[in-house]
Amino acid sequence: MKELSPQVLVLIDYPDFNLKVAGKAKSLGIKILYYVSPQVWAWRKGRVKKIAGIVNRMAVILPFEQNLYKDAGCPVNL
């Protein structure tokens with residue numbers, strides 16, 4: 001039987017846990033889609049750069065968040 005590996009990991013909010021999981025998944029070659037951005041605009045603004053370096057795509061729900069991620073070089077969709 002052929003072993004299956006995940007192709008995409010979908011993360012939702014909860015950054016303290018999810019960013020650790022994302023880092024491990026990325027090291028295994030799994031693509032990362034993060035849905036519902038952590039509130040980097042409210043606190044820990046520097047975290048947006050860390051997120052941009054880990055995820056393959058960010059899907060935001062608040063329109064103003066789109067520019068935060070674009071400016072950090074992260075592929076983003078609203």
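Reader: What makes Arg47 and Asp16 a salt bridge?

Author: The closest N and O atoms of Arg47 and Asp16 are 3.7 Å apart. A salt bridge needs a side-chain nitrogen of Lys or Arg within 4 Å of a carboxyl oxygen of Asp or Glu, so the pair qualifies. The structure holds one salt bridge. Arg47 sits in helix H2 and Asp16 in helix H1, so the pair ties together parts that are 31 residues apart in sequence. Bear in mind that this is a predicted model, where local features need pLDDT of at least 70, side-chain atom pairs count only at pLDDT 80 or more, and totals for chains, interfaces and linings use all residues. Residues are numbered from 1 along each chain as its sequence is written, and side-chain values use heavy atoms, with hydrogens and water left out.

Reader: Why is Arg47 called buried?

Author: Its relative accessible area is 9%. Buried means under 20%, exposed means over 50%, and partly exposed is in between, with a 1.4 Å probe and protein chains only, so Arg47 lands in the buried class.

Reader: What is Arg47 in contact with, beyond its neighbours within four places in sequence?

Author: Pro15, Asp16, Leu19 and Val40. Contact here means heavy atoms within 4.5 Å.

Reader: How do you know that the buried residues of H2 line one face of the helix?

Author: H2 runs over residues 47–54, and helices are DSSP runs of H or I with at least four residues, while strands are runs of E with at least two, numbered from the N terminus. The buried residues of H2 are Arg47, Val48, Ile51, Ala52 and Ile54. Seen down the axis of H2, they fall within an arc of 165 degrees, so they line one face. That arc is taken from the directions from the helix axis to the C-beta atoms. Their cover includes H1, S2, strand S3 (57–59) and helix H3 (65–71).

Reader: What makes the phi values of Asp13 and Tyr14 worth a look?

Author: Most residues other than glycine have a negative phi. Asp13 has a phi near 50 degrees, a positive value in a non-glycine residue, and Tyr14 has a positive one too, near 35 degrees. Asp13 is in the loop between strand S1 (8–12) and helix H1 (15–27), and Tyr14 is found in that loop as well.

Reader: What makes the nonpolar surface patch a patch?

Author: Patch members need over 30% relative accessible area and no salt bridge; like charges are joined within 9 Å, and nonpolar side chains (Val, Leu, Ile, Met, Phe, Trp, Tyr) within 5 Å. Here the members are Val8, Val10, Ile12, Tyr35, Trp41, Ile61, Leu62, Phe64 and Leu68, making about 790 Å². Areas come from the Shrake-Rupley method with a 1.4 Å probe, and for residues only the protein chains shown count as cover. Take Tyr35, in strand S2 (residues 31–35): its relative accessible area is 39%, so it is partly exposed and passes the patch cut-off. The largest share of the patch, three residues, comes from S1.

Reader: Why is Val76 called buried?

Author: Val76 has 8% relative accessibility, so it counts as buried. It lies in strand S4 (residues 76–77). Not counting residues up to four places away in sequence, Val76 touches Arg57, Met58, Val60, Gln66, Tyr69 and Lys70.

Reader: How do you know that the protein chain is as compact as a globular protein of its length?

Author: First, the layout: three helices and four strands, in the order β-α-β-α-β-α-β along the sequence. The radius of gyration is 13 Å, close to the 12 Å that the globule rule gives for 78 residues, so the chain is as compact as a globular protein of that length. The radius is taken over C-alpha atoms, and the rule is 2.2 Å times the number of residues to the power 0.38. The C-alpha atoms fill a box of roughly 45 × 20 × 20 Å along the principal axes.

Reader: What share of the residues count as buried?

Author: Of the 78 residues, 33% do.
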